[in-house]
Amino acid sequence: MPDFTLAEIAASLGLTAAGDGDIRIAGVAEPETCPADHLALAMKPEYAEALTRGDARAAMMWDGADWQSYGLDGAILAKRPRFALSGLSATMDPGQGYSTGIHPMSDVHPEAELAPDVTVAAFSVIGRGAKIGAGSVIGPQVHIGAETEIGPGALIHAGARIGARCTIGANFICQPNAVIGGDGFSFVTPEPSTAEKARAALGESGEATGQPWARIHSLGGVTIGDDVEVGANSTIDRGTVRDTRIGSGTKIDSLVQIGHNCIIGEHSLLCGMVGIGGSTEIGSFVVLGGQTGVSDNIRIGDNVVCGGATVVLSSIPAGRVMLGYPATKMDSQIEIFKAMRRLPRLVRDVAELRKTVSKDRKTD
């Protein structure tokens with residue numbers, strides 16, 4: 001378990017501890033249930049009210065907080081406490097408990113190149129010609145394909161699968177059961193299919209004739225930049241000829257599907273259950289809320305934000321904030337939602353007007 005003084009924790013965050021900096025801290029906890037040897041996370045005034053019901057001696061609080069009024073012996077004050085929590089959580093994380101070294105029950109190909117301090121847990125397989133950078137940790141039951149290169153500082157959790165000929169940068173984090181470098185979903189028929197006809201005609205498929213699907217093999221790989229994280233059970237398909245590409249700093253949540261040939265820019269955020277069709281290009285600093293669906297072969301510009309469950313059917317210029325199905329500028333979509341809520345009343349009003357008009361005509 002972690003064991004630091006309050007002053008040591010503050011220094012690691014670039015902050016200064018207020019009060020008794022020698023308090024020993026073994027973990028973090030919510031204010032109401034915080035033990036005396038833990039740091040309470042009272043980052044807003046409404047959270048701090050619960051401090052008197054716990055046993056905390058120290059807390060992380062907002063800048064300017066009157067920490068002494070809550071009976072504390074010390075505090076860490078931050079202008080943006082949630083951002084400080086990023087560094088705090090890294091400091092206090094006890095890790096997954098993976099043992100060091102290469103487990104005898106792993107299978108590392110003789111032609112694979114592993115830095116001397118790489119950890120490989122039990123039942124993991126590393127293919128021919130794979131290269132793993134210094135300080136990387138490969139959890140149990142992981143598969144890393146032939147000729148795949150992974151930079152230094154990687155943390156690849158249990159059950160992850162990384163296919164052959166992928167290239168991944170430094171400080172990569174891969175959560176359990178993610179799949180990177182599976183084949184793309186790419187099939188074709190001898191003649192234009194009903195789906196192609198329907199798409200071209202926006203609804204009409206012509207005479208429906210069934211045809212068998214021929215598989216297009218995925219000859220490309222996946223290229224991932226530095227400081228990228230991929231969530232549990234997410235999938236990134238390899239490219240058909242060129243690589244699918246994920247830019248540095250991009251964070252991908254759980255259950256995200258990225259299709260073949262996609263290009264994702266830097267520092268974008270793809271939340272849970274996002275699905276992106278093949279050959280779509282997404283810019284940098286883009287945020288796609290949970291369950292956002294993105295059609296294939298379109299482009300989303302830099303700094304775009306899509307609210308949860310947005311369905312993107314066409315390209316979006318840079319800087320737009322979008323919502324709904326189909327994706328519309330968020331302010332317009334909210335007006336549509338408001339109008340929809342008024343529809344039942346409008347229908348009743350129209351019905352009353354019809355009755356009035358009908359009575360007037362009978363009177364005439």
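Student: Which strand does T235 lie in?
Tutor: T235 lies in strand β25, residues 235–237. Strands are DSSP E runs of at least two residues and helices H or I runs of at least four, both numbered from the N terminus. This is a predicted model, where local features need pLDDT of at least 70, side-chain atom pairs count only at pLDDT 80 or more, and totals for chains, interfaces and linings use all residues. Residues are numbered from 1 along each chain as its sequence is written, and side-chain values use heavy atoms, with hydrogens and water left out.

Student: What does T235 contact, beyond four places in sequence?
Tutor: V179, V256, Q257 and I258. Contact means heavy atoms within 4.5 Å.

Student: How far is T235 from G181?
Tutor: 7.9 Å in space, C-alpha to C-alpha, and 54 residues in sequence.

Student: Switching to T250. Buried or exposed?
Tutor: T250 is buried, at 0% relative accessible area. The cut-offs are under 20% for buried, over 50% for exposed and partly exposed in between, with a 1.4 Å probe and protein chains only.

Student: Where is T250 found?
Tutor: In the loop between β26 (244–246) and β27 (251–252). Beyond four places in sequence, T250 is in contact with residues including D227, I264 and S268.

Student: What does the side chain of T250 reach?
Tutor: The backbone nitrogen of S268, at 3.1 Å.

Student: New topic, the open sheet. What is the strand order?
Tutor: The order is β2-β7-β6-β5-β4, 5 strands with mixed pairing. Two strands pair if DSSP finds at least two bridges between them.

Student: Which strands stand at the edges?
Tutor: β2 (17–19) and β4 (27–29). Each has a single partner strand, so one side of each is left without a neighbour in the sheet.

Student: And how does β4 pair with β5?
Tutor: In the parallel sense, over 3 bridges, with β5 spanning residues 38–41. The bridge partner of G27 in β5 is H38.

Student: What packs on the sheet?
Tutor: Helix α3, residues 81–92, touching β4, β5, β6 (58–62) and β7 (74–78). The direction of α3 makes about 150 degrees with that of β6. Axes are lines fitted to C-alpha atoms, for helices over the stretch in contact, and angles run from 0 to 180 degrees between N-to-C directions.

Student: Last one. How many aromatic pairs are there?
Tutor: The structure holds 1. F185 and F187 are edge-to-face, 5.2 Å centre to centre, with 70 degrees between the planes. Rings of Phe, Tyr and Trp (its six-membered ring) pair with centres within 6.5 Å; planes under 30 degrees apart count as stacked, over 60 as edge-to-face, the rest as tilted.

Methods: Polar contact = N/O pair within 3.5 Å; in protein donor to acceptor, adjacent residues only side chain to side chain.
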